[in-house]
Amino acid sequence: MIRPRKTVLLGIAALLVLGTLSWVIGAKLKHGGRFGAKREIEVALLARSKGHFTDLHEICLRLLFEQLDRQGLNGGAGRLVLHTYDLRTLQAGYGDTPPHEAILRENPNISVILDNTWGSDLQKSREVIRKKGIPVISLNADRTADFGPSVLFLGSQNMVPSKIASFIDQALMRRGAPAVGPSPADPFQKDAPAVGPSPADPFAPRPMVLFLTEAGYGLDPSRTGDPVTLYESELAKRNIPVEARVSFAEEKYEVAAEQQRVTGEVLRALKEAGSREVVVIINAHKQWGSRLVAKFEEFASSNRDRSLRVIGHDSIFNQGIHDGVREAGAEDETMGFEMVLMKAPNPEFSTHTFDLYRSVVDAHGGAFEDYPKEVASIFIRRCAVAAELLRHSLQDFDLLDRQAEGAAWNAKSRVEKDRSLLSDQFAGLVAPFPPAPGAPRQPTGAHVELGALGLVHFNRDGEEDGSHYFELHRPGNRPIAHLKQLNARNELIPALQIGINAFQIRRVDVERGEFDAEFICSTTIDAALKKKVLLDMRNLRKEEEQEEPPLEDKSATDDPRGRPGQYPMLSGLLSIPNMRTDGSVAQIGQTDRSVENTEYRVYKVRGTFAADLNTVRYPFDSHHIGVELQAAVPDELLTLTAQRIESTAFEENQRGWVLKWIHGLVDNRVANGNPLAVAGQRTETRQFKEFAIMVGVKRNLLQPMLVVMLPLVLLGMAAIGIMYLGEKETMGKSPSELAMGVVLAVVAYSISYADVVPRSGGGTHSDLLYLITTLMCMGNFGAVLLFGEMGNPKTRHDIVDRWRFRYALGVTVFYFIFVLYWGTSSELWPV
């Protein structure tokens, strides 16, 4: 009599196992996975040494490779495997062998190398790379020689002199004196931007160019035997004369005699300039550059009728060194001094790179929390670009067919073929692209669309181009983006600075996928360049069938991706595509356009905004909600920058959420085809900047714990407790009656459960607890009846009690392990 019951129990257990396997298989297939072996593409990360910097790159790349694996690299046929090496370890094992050759000796199956060393380190492997055609993505090195088409450079700074010379030519040599202080109409006086320059005087004398350089630093390799720097060569190409030149030894920055000599020559040059504006170019490391900037500030403070502009790469300046040598009282926001630093790439986070940064911080505690965000964003973006380049290059590989060729395709030939195909893919990114109709452009390279990263441009030397950023430093103000920037073709374009203040979230509705918010938005732009942008857009639209009013006078315009216009506009150039139709945008402040040639506007924005909210992790869900401000013109005409993001607050009655962070993010949105092109022209891929005020929120667990988790766990404990009672009655009720009571309680709770748990579609994490608890209560009810039937006169009661206890103990262990795991993991539900 017992054995048939035992068979029934084993059958139930088999059904549970089959159900679990079906669930796992469904989750795997839904993630783009596939069964069978995957081709492993082995990737090497080469670092200079072990440490915090290397750990950041390794962690980011592993997270990115895991994401690609979940998404299904090459249809799920392959996956990327990362191996990390460092120069010191390779040198200890292989001596003077070039690092890249040492890696291939260590692991012959490496298909591609991500190099995180310096240019001098990469130079040692030049001949090996060219001879063997090793595909390499250099994350930080400068391109110091011709490595062939199989090497891409994501961090090379070779184009810096050319871009700074272009910026000087277009932005500094054709303008008036720098502005002094914030605009008087600015309601945020303390953090107001240093608004742009006064209108250029056509009769004003040409600014004097003073060039300060370390001896032998940044020389032009094409001028053999003639110690001329790249800066001087690029300035000469643009007919910009260097009227004064001062050189100094790099290692003598603390030598008093050298400092006095350099200071004397600089002061003599400034005196010779008379009342003319002076543009100072610094070609030096931070030890000299920071000290020189401090001296120029002191000069500007003592000579308030003089105008000084210092420009250079961001490596010339260190705030700590500068503050250590600056005299007290030298900083004054009324003096005519400004410094422009070129940063490459743009240090602002995008949504993709910021999510990756948060994943690094969340997964590895506070180890990277204090890492400077403007520094981390640069290196995280390079890791993301490298991973996307691999995904893009591997997407057409016939991985499975080559694996199926069996013995005829051995591991060695397979890896060599992978390297060859990757090298061909990399070479295709540096081929010149044809000019666009009506706008001849130099054959500077090509671009590739890399998912959420948008378009990434490469020049003919394989160096990433177009992600640079000019930052303005003025005494008494924090650094902000310069109002004038360069696009990928080195053309001057305006930067629309966006500031956010008093951002308040009124309501978060997960089921509808929306939230209510209001905030004050300020926009700052160079008025002259804005007029040029609007004129360019009118010229593109002039042959359209219906004449349209000017963008700046419209409350709505066509969406740049071709949809009918229905979005409120800010500054005539920004739309809010995720605002519902009941939203409002009201202008509450504006400066006179004649003031400093800068347009400054302030808007009050209020409305309901769409958000991508998913309740699959409820009640442990967290969300990114934000307002999107999308440029109405391509990024070749306009770029967006974050000027200021103030604190965010919830309404007092909005207690269901916890604020985690707020950040301004700049994304790239690619539109296939050019909806702004005139009739008869071919279309091309265009990219639009999108600024997002992104807020991270996490659900407060108090309410879900009281109305969802606690009732379900108590019902589960009640169902388990009944199994330990045996056949004796409790409070006049038999075990079967108590079990039926628990089942009815579950049914009653199910009615309210459907109303309590929010849903955005599909199941939630709490549904697992509900499902397991319900099945256990139903199963325990059946077990009570089963054991009651077993307890007949022909069966010994001690045997029945033993089986009942075993069952109860097993269910208890299973349920409490499940609840513990459920409460510590929100990854159980297949999404």
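Q: Which order do the strands of the open sheet of 5 strands have, and is the pairing parallel or mixed?

A: This is a predicted model, in which local features need pLDDT of at least 70, side-chain atom pairs count only at pLDDT 80 or more, and totals for chains, interfaces and linings use all residues. Residues are numbered from 1 along each chain as its sequence is written, and side-chain values use heavy atoms, without hydrogens and water. Strands of a sheet pair through backbone hydrogen bonds, either parallel or antiparallel. Here the order is β2-β1-β3-β4-β5, with parallel pairing. Strands (E, at least two residues) and helices (H or I, at least four) are DSSP runs numbered from the N terminus, and two strands pair if DSSP finds at least two bridges between them.

Q: Which strands stand at the edges of this sheet?

A: They are β2 (78-86) and β5 (151-153); each has a single partner strand, so one side of each lacks a neighbour in the sheet. On average, neighbouring strands are turned by 20° against each other, direction ignored.

Q: How many bridges join β1 to β3?

A: Strand β1 (residues 39-47) and strand β3 (residues 110-116) run parallel and are joined by 6 bridges. A47 has N116 of β3 as its bridge partner.

Q: Which strands does helix α4 touch?

A: Contact means heavy atoms within 4.5 Å. Helix α4 (residues 99-106) packs on the sheet and touches β1, β2, β3 and β4 (136-138), its direction making about 140° with that of β3. Such angles run from 0 to 180 degrees between N-to-C directions, and axes are lines fitted to C-alpha atoms, for helices over the stretch in contact.

Q: What order do the strands of the open sheet of 7 strands have?

A: The order is β7-β6-β8-β9-β10-β14-β15, and the pairing is mixed. Its edge strands, β7 (244-248) and β15 (480-481), each pair on one side only. Within this order, β8 (residues 278-283) and β9 (residues 308-313) pair in the parallel sense over 4 bridges.

Q: At what angle do helices α2 and α12 pack?

A: Helix α2 (residues 52-71) and helix α12 (residues 351-363) pack at about 110°, with their axes 10 Å apart. The two are therefore roughly perpendicular; angles under 35 degrees count as roughly parallel, over 145 as roughly antiparallel, 65 to 115 as roughly perpendicular and the rest as oblique.

Q: Which residues make this contact?

A: From α2 come L56, I59, C60, L63, L64 and Q67, and from α12 come H352, L356, S359 and V360.
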